[in-house]
Amino acid sequence: MNAIPDRSPAIVGVVSYRQTVDSVGYETVRIRYLEALRSTARVLPLVIPGGLEEESLQACFSVLNGVLLTGAESNISPSLYGGPEACPETLDLDRDRTSIAAIKIALSSGIPLLGICRGLQELNVALGGTLSSDLSEGEGRITHVEDLTLPRDLQYARSHAVLAEGHGYIAQCIRRSQKKPVLVNTLHRQGIARLADGLEVNARCVDGVIEAVSVKDAATFAAAVQWHPEWFHAEDPLSVEIFRAFGEACRSHMIATKSQP
Ligand SMILES: N[C@@H](CCC(=O)NCCCC(=O)O)C(=O)O
């Protein structure tokens with residue numbers, strides 16, 4: 001048996017996304033996600049660049065105890081779920097490829113997974129679900145997109161209620177946070193249209209939009225939210241619950257795998 005140093009942190013892979021600034025390409029992760037992992041989940045983030053080939057991604061997974069799929073402004077390619085064609089500038093095919101492969105590896109090997117915003121949409125698509133390319137087209141919908149004319153902290157301000165549903169990981173976090181109503185922020189145009197068979201709803205917006213899901217019968221924490229808990233990861237009770245529960249699952253995975261003969 002290998003000895004585990006007491007203080008060795010669980011390692012969480014964070015899939016980055018493509019950005020072009022002044023004609024130069026970058027693979028980006030917003031610092032807020034990394035801070036939420038380090039200080040609230042108490043794990044060590046390791047950035048995984050989009051576009052990795054399968055073999056390299058598998059090599060990353062040999063050291064990972066969890067995966068975080070962040071939000072990103074780009075949209076998932078509709079070709080992955082049979083949606084209408086989209087303008088190529090709105091897509092990030094490398095991120096799609098890496099995230100979807102990472103989800104499949106994580107779920108098949110019992111590695112904890114947390115998806116946020118685009119990450120929730122990726123989880124649904126990876127398991128065979130579909131997306132609405134513009135939620136505002138649905139009847140009775142409230143606004144889910146951010147107002148880009150506002151300062152950034154107001155764009156991320158809490159704006160609508162969510163209602164817990166079922167018994168999945170995020171539904172449990174919502175009930176433990178004991179806040180009523182539970183208000184979340186909202187910065188997305190797209191969302192789940194047809195839920196993948198392998199997922200269950202954990203929370204909905206008052207207008208019916210699916211706001212949180214978890215993987216049915218998963219061996220460990222495998223869940224996603226459409227809102228942005230990383231923005232208030234240190235002080236909002238629900239955000240703290242989500243990142244702590246994810247961090248605990250990653251540490252349990254590390255202990256279980258390191259103590260294997
Ligand atoms: N393009 C998709 C996904 C939106 C999303 O993930 N936004 C996050 C913005 C950046 C961040 O805070 O991480 C949609 O419009 O639904």
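**Close-up views of a predicted model**

View 1. The phi angle of Arg42 is near 60°, which is a positive value in a residue other than glycine. Most residues other than glycine have a negative phi. Arg42 counts as partly exposed because it has 15 C-beta neighbours inside 10 Å, and the partly exposed class lies between the cut-offs of 12 or fewer for exposed and 20 or more for buried.

**View 2. The loop that holds Asp217.** Asp217 belongs to the loop between strand 12 (210-215) and strand 13 (222-225). Here too the residue is not glycine and phi is positive, with a value near 55° for Asp217. Asp217 has 8 C-beta neighbours inside 10 Å and therefore counts as exposed; the cut-off for that class is 12 or fewer.

**View 3. Confidence of the prediction.** The average pLDDT of the chain is 94, and 97% of the residues score at least 70. For the complex, the predictor gives a pTM of 0.95 and an ipTM of 0.98. Where pLDDT is low, the predicted coordinates should not be read in detail.

Key. Residues numbered from 1 in each chain as written. Predicted model: local features only at pLDDT ≥ 70, side-chain atom pairs only at ≥ 80, totals over all residues. Helix = DSSP H or I, 4+ residues; strand = E, 2+ residues; numbered from the N terminus. pLDDT = per-residue confidence, 0-100.
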